[in-house]
Amino acid sequence: MARDAGPPKTGPGEREVLLGFLDYLRASVLAKVEGVGEPAVRTPGVASGTNLLGLVKHLTHVERHWVLGERTTRWKATFHAKPDESVEDIVGAYRETTARVNAVVAGADVAELRWTLTHLIEETGRHAGHLDILRELIDGSTGR
């Protein structure tokens, strides 16, 4: 696994800074899953059942909920990949969702989305840290 890059270079505007940091964290999330095979990618690393694939699935639901208006009521269920959901399915859904979110943000008044984008940065950063620890437990790989 490649080591994480340093903080992103962003443009001068608020939209560029917020999306720059969010995209940086999203890339970190995906890097933590890259190269991890079955069953390790979905094997819980801690007693709560948290695992790499479940965290990516959860973050997909977070972005859909907060920006795309797809309400989630069963948050605990978003942390668990179903047996028939492959790594490609979940990573693909995350990539597709983040692209849709970026398109919404590109066409919106960023001031109206400031809280939401800050929340997404916080949530994604928190779970990127969880992913980093889980990945280290799996194969010793660490971030920067």
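This is a dialogue about a predicted model and the terms used to describe it.

Tutor: The model is predicted, so local features need pLDDT of at least 70, side-chain atom pairs count only at pLDDT 80 or more, and totals for chains, interfaces and linings use all residues. Residues are numbered from 1 along each chain as its sequence is written, and side-chain values use heavy atoms, with hydrogens and water left out.

Student: Why does T116 count as buried?

Tutor: Its relative accessibility is 11%, and buried means under 20% relative accessible area with a 1.4 Å probe, protein chains only; T116 therefore counts as buried.

Student: What does T116 touch, not counting residues up to four places away in sequence?

Tutor: T116 touches W66 and V67, where contact means heavy atoms within 4.5 Å. T116 itself lies in helix α4 (residues 110-139); helices are DSSP runs of H or I, at least four residues, numbered from the N terminus.

Student: Why are α2 and α3 called roughly parallel?

Tutor: The axes of α2 (residues 52-66) and α3 (residues 87-106) cross at roughly 25° and come within 9 Å. Axes are lines fitted to C-alpha atoms over the stretch in contact, with angles from 0 to 180 degrees between N-to-C directions. Angles under 35 degrees count as roughly parallel, so α2 and α3 are roughly parallel to each other.

Student: How do you know that the span of helix α1 agrees with its number of residues?

Tutor: The expected span is 1.5 Å times one less than the number of residues. The 20 residues of α1 (residues 14-33) should therefore span 28 Å, and the end C-alpha atoms are 29 Å apart, which agrees. Just after α1, G35 takes a positive phi of about 85°.

Conventions
Helices (H or I, at least four residues) and strands (E, at least two) are DSSP runs, numbered from the N terminus. Buried means under 20% relative accessible area, exposed over 50%, partly exposed in between (1.4 Å probe, protein chains only). Angles under 35 degrees count as roughly parallel, over 145 as roughly antiparallel, 65 to 115 as roughly perpendicular and the rest as oblique.
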